[in-house]
Amino acid sequence: MEYLATFYTHYGAMRFHKQCKTEGTPAKMMPVPRELSSSCGVCVRFGAAHAPDTAEHEDMERCYAITADGAYAPVR
């Protein structure tokens with residue numbers, strides 16, 4: 001499944017991106033899509049079996065599942 005995570009800070013996005021790469025999870029940093037908002041303007045799109053718990057990542061603002069039609073569905 002594909003997910004997109006927004007962050008409160010650019011540094012938080014960079015840390016999460018690096019963590020994904022370290023764990024072997026495909027991830028890409030990119031600008032936040034217009035229909036979503038974020039404090040820092042940067043998000044991470046990644047593939048994973050399960051959505052991460054935002055409580056485990058203090059800088060993560062919200063996580064969205066990317067549906068088959070390209071829409072963003074909030075997770076938790």
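Predicted model: local features only at pLDDT ≥ 70, side-chain atom pairs only at ≥ 80, totals over all residues.

Colleague: What makes S1 and S3 a pair, then?

Modeller: Five bridges join S1 to S3, and the cut-off is at least two, so they pair. The two strands run antiparallel. One spot to look at is threonine 6, whose bridge partner in S3 is cysteine 43.

Colleague: And what makes S4 and S5 a pair?

Modeller: Again it's the bridges: four of them join S4 (residues 60-66) to S5 (residues 72-75), antiparallel, against a cut-off of at least two. Alanine 65 stands opposite alanine 73 in S5. The two strands form a hairpin with five residues between them, and glycine 70 in that turn has a positive phi of about 85°.

Colleague: Why are S2 and S5 called edge strands?

Modeller: The sheet is open, its five strands are in the order S2-S3-S1-S4-S5, and the pairing is antiparallel. S2 (27-31) and S5 each have a single partner strand, so one side of each is left without a neighbour in the sheet. From one strand to the next, the twist averages 30°. H1 packs on the sheet, touching S1, S2, S3 and S4, and its direction makes about 160° with that of S2.

Colleague: How do you know that cysteine 43 is buried?

Modeller: Its relative accessible area is 0%, and buried means under 20%, so cysteine 43 qualifies. Cysteine 20 passes too, because its value is 3%.

Colleague: How do you know that cysteine 20 isn't in a disulfide?

Modeller: The closest cysteine sulfur, in cysteine 63, is 9.8 Å away, too far for a bond. A search of the whole structure finds zero disulfides.

Colleague: Which residues have the most contacts inside the largest nonpolar core?

Modeller: That core has 15 residues, and the ones with the most contacts inside it are Tyr3, Phe7, Phe16, Val44, Phe46, Met60 and Cys63. Strand S1 (2-7), helix H1 (10-23), strand S3 (42-47) and S4 each give two or more residues to it. A second, separate core of six residues includes Leu36, Cys43, Tyr64 and Ile66.

Colleague: What does cysteine 63 touch, leaving out residues up to four places away in sequence?

Modeller: Among its contacts are Tyr3, Leu4, Phe46, Pro52, Ala73 and Val75.

Conventions. Residues numbered from 1 in each chain as written. Heavy atoms only, no water. Helix = DSSP H or I, 4+ residues; strand = E, 2+ residues; numbered from the N terminus. Core = buried A, V, L, I, M, F, W, Y, C linked by side-chain atoms within 4.5 Å. Buried < 20%, exposed > 50% of the residue type's maximum accessible area, 1.4 Å probe, protein only. Contact = heavy atoms within 4.5 Å. Disulfide = S-S within 2.5 Å. Axes fitted to C-alpha atoms, helices over the stretch in contact; angles between N-to-C directions.
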